Structures are given as structure tokens and as C-alpha cells.
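Subject: Structure handover

Hello,

Here is the structure for you to open alongside this note. My findings follow below it.

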Amino acid sequence: MTDPRDRPSPPERRALSPEDRQKVIRAAALRPIHLLMLLIGGVFFVASGLWWIAPMTIFTYGALVALAVRNPIFEHRVLEGRPPPRPISPAQDLSPERRARWLPRGETRSKVEAALDVYRKVLRAIEESDDVTRSVLEDAPSKLHAAANRLVDLAGDRETAAEALLNLPENPAEAEEGHRDLDGKIRAADAEISGVIDNFLALRARVVRISLDSGPTARAMAGELNSSLDELNFRLEALGETMSSPENNHQTPG
């Protein structure tokens with residue numbers, strides 16, 4: 001897992017048009033988790049009859065909406081349909097293979113190293129292809145490199161979650177929710193990490209087919225390959241954000 005000091009700063013906000021700003025505000029106001037806060041506050045107000053619950057609920061709801069509107073990641077998700085990609089951190093100037101060696105020894109590290117072995121073969125297949133193939137696949141190496149680094153990031157976050165799971169409180173009532181949340185995240189990470197090997201193998205086969213073809217067909221297949229890489233990067237990025245976001249981490253009591 002990368003050093004917290006190496007994590008990139010949030011993406012810079014751009015000036016919004018009045019229409020875009022209204023769209024972001026509306027999405028924040030109708031965000032399910034924010035509406036749930038109103039519902040819970042309303043239930044408590046009706047059940048208890050305490051007058052201060054109503055203004056406190058409205059204030060909390062307004063604060064949540066304001067924070068969401070000011071969040072550049074939420075803004076990007078509303079306007080563009082997905083979170084912005086996380087930039088490569090300074091630690092990722094190192095090769096993903098070297099970073100993978102920082103992972104604890106075990107099944108996760110073995111899967112990552114196997115996937116990175118195929119990743120290198122995909123890169124080699126592109127590098128050793130003819131000029132036409134390298135031309136239509138000019139964007140693929142950088143996307144492959146990003147996917148390999150995000151795979152290592154995800155594996156590091158998975159190991160951190162596994163350690164946190166072991167350190168949950170012994171009291172079942174306190175640990176049940178945290179155990180269920182962490183266990184679900186770990187299972188999702190394991191499934192994605194295992195699937196990356198098959199993804200890279202499929203990409204390598206596509207590179208070979210593209211090198212054997214030419215013209216519009218090769219460009220069409222290259223477009224499909226790049227789309228597959230974009231989808232892979234998005235899945236790894238989204239799952240990594242879920243695994244490492246501070247509000248989703250369960251801290252061990254001191």
C-alpha cells in the first residue's frame with residue numbers, strides 16, 4: 001500500500017455553468033443517503049416529539065448537501081457519469097512488479113505477481129509487433145501500466161482490510177457490522193484480482209489478432225481493446241476507492 005503522503009490531492013474544480021451547478025445541487029439534494037438522514041430525523045421527531053430534532057435534522061441534511069456540492073469527485077460523477085481517475089502517485093514511478101514485492105507473502109501477492117507476468121507479456125507483444133499494430137495500439141501501453149499499478153494498489157488495500165478484520169473487537173455486537181462490511185470488500189477485491197489474470201490473457205490474444213490483421217478491422221479491434229482497458233481501469237479504480245476511502249475504514253479501538 002502506498003504511503004498516505006504519496007496520495008494525490010483531489011482534482012481541481014472547474015468553473016460550472018449555472019445549468020451544471022443546478023444539476024449538481026439537485027443530485028446532492030436527492031442523494032439517497034442524504035434523504036435517508038431526513039427520513040431518520042423525521043421518524044425520531046414524530047416518535048419523541050422533541051422540537052430540537054427537526055431543526056437539527058434539517059441542519060445536518062443541509063450540511064451534507066453542501067459538502068457533496070463542494071466535493072469535486074461527486075461533481076465529476078454527476079456531470080461525467082463516473083469518478084475521475086486517480087492520478088499515478090510518486091511511488092508508482094517504480095515498476096508495478098517492484099511495488100508488488102512490498103505486499104505480504106501469500107495468495108494475494110501470488111495472484112498479483114502472476115497477473116503482472118501476463119501484463120509484461122502483453123506489453124512485449126505490442127512492442128514486438130509491426131509498425132501498423134503499434135500505431136493503432138499507441139494508447140494501450142499507458143493504460144496497461146495504469147491497470148497494473150491499480151491492481152497493486154487494490155491488493156495493498158485488500159491486505160490492509162484483511163488485517164483490520166483480524167483486529168475487530170471481540171464483542172460480537174460491536175464487530176458484526178464491521179466484519180460484514182470488511183468481509184464483503186475483501187471478497188470483492190479477491191474476485192477482481194483473480195479476474196485480472198484472465199483479462200490480461202484476453203488482451204494478449206487480442207494484440208496477436210490485431211497484428212495479424214490490417215486496415216479498418218485492426219482499428220476496430222484496437223478500439224475494442226482500448227475500451228476493455230478503460231473498463232478494467234474503471235473497475236479497479238472504483239473498487240480501490242471503496243476499499244481505501246476513510247469513511248469506509250473501520251478503525252481498531254485503542
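Start at Ile 210. Setting aside neighbours within four places in sequence, Ile 210 is in contact with Thr 133, Val 136, Leu 137, Ala 218, Met 221, Ala 222 and Leu 225. Please keep in mind that this is a predicted model.

Thr 133 is worth a look from its own side. Thr 133 sits in helix α7, residues 131-136. Is Thr 133 buried or exposed? Its relative accessibility is 2%, and the cut-off for buried is under 20%, so Thr 133 counts as buried. Not counting residues up to four places away in sequence, Thr 133 touches Ile 210 and Ser 211.

The main core

Ile 210 also belongs to the largest nonpolar core, which has 42 residues. Which members touch the most other members? They are Val 112, Leu 116, Leu 137, Leu 144, Phe 200, Ile 210 and Leu 225. The largest share comes from α8, with twelve residues. There is also a second, separate core of nine residues. Its members include Val 24, Ala 28, Val 69 and Leu 79.

The chain overall

The chain has 254 residues, and 35% of them are buried. Its secondary structure comes to ten helices and zero strands. Take the contacts between residues at least 6 apart in sequence: 74% of them join residues at least 24 apart.

Helix pairs

Two packed helices are described by the angle between their axes and the distance between the axes.

α6 with α8. These helices pack at about 175 degrees, with axes 10 Å apart. Angles over 145 degrees count as roughly antiparallel, so α6 and α8 are roughly antiparallel to each other. On the α6 side the contact uses Thr 108, Val 112, Ala 115, Leu 116, Tyr 119, Val 122, Leu 123 and Ile 126. On the α8 side, the residues include Ala 140, Pro 141, Leu 144, His 145, Ala 148 and Leu 151. Arg 158 and Glu 159 of α8 are also among them. By class, this contact has 14 nonpolar, two polar and two charged residues. Val 112, Leu 116 and Leu 144 were already named above for the core.

α2 with α3. Helix α2 covers residues 32-48. It packs against α3 at about 175 degrees, with the axes 9 Å apart. α2 and α3 are therefore roughly antiparallel to each other. Contact residues in α2 include Leu 35, Leu 38, Gly 41, Phe 44 and Phe 45. Those in α3 include Ile 53, Thr 57, Tyr 61, Leu 64 and Ala 68. The contact divides into eleven nonpolar, five polar and no charged residues.

α1 with α3. Helix α1 spans residues 18-29 and helix α3 spans residues 53-70. Their axes come within 9 Å and cross at roughly 135 degrees. α1 and α3 are therefore oblique to each other. The crossing is right-handed. Which residues meet here? Arg 21, Val 24, Ile 25, Ala 28 and Ala 29 in α1 meet Tyr 61, Val 65, Ala 68 and Val 69 in α3. Eight of the contact residues are nonpolar, none is polar and one is charged. Val 24, Ala 28 and Val 69 are also listed for the second core.

Best regards

Notes: Residues numbered from 1 in each chain as written. Predicted model: local features only at pLDDT ≥ 70, side-chain atom pairs only at ≥ 80, totals over all residues. Heavy atoms only, no water. Axes fitted to C-alpha atoms, helices over the stretch in contact; angles between N-to-C directions. Helix = DSSP H or I, 4+ residues; strand = E, 2+ residues; numbered from the N terminus. Parallel < 35°, antiparallel > 145°, perpendicular 65-115°, else oblique. Left-handed = near helix turned anticlockwise from the far one by under 90°. Contact = heavy atoms within 4.5 Å. Nonpolar A, V, L, I, M, F, W, Y, C, P; charged D, E, K, R; others polar. Core = buried A, V, L, I, M, F, W, Y, C linked by side-chain atoms within 4.5 Å. Buried < 20%, exposed > 50% of the residue type's maximum accessible area, 1.4 Å probe, protein only.
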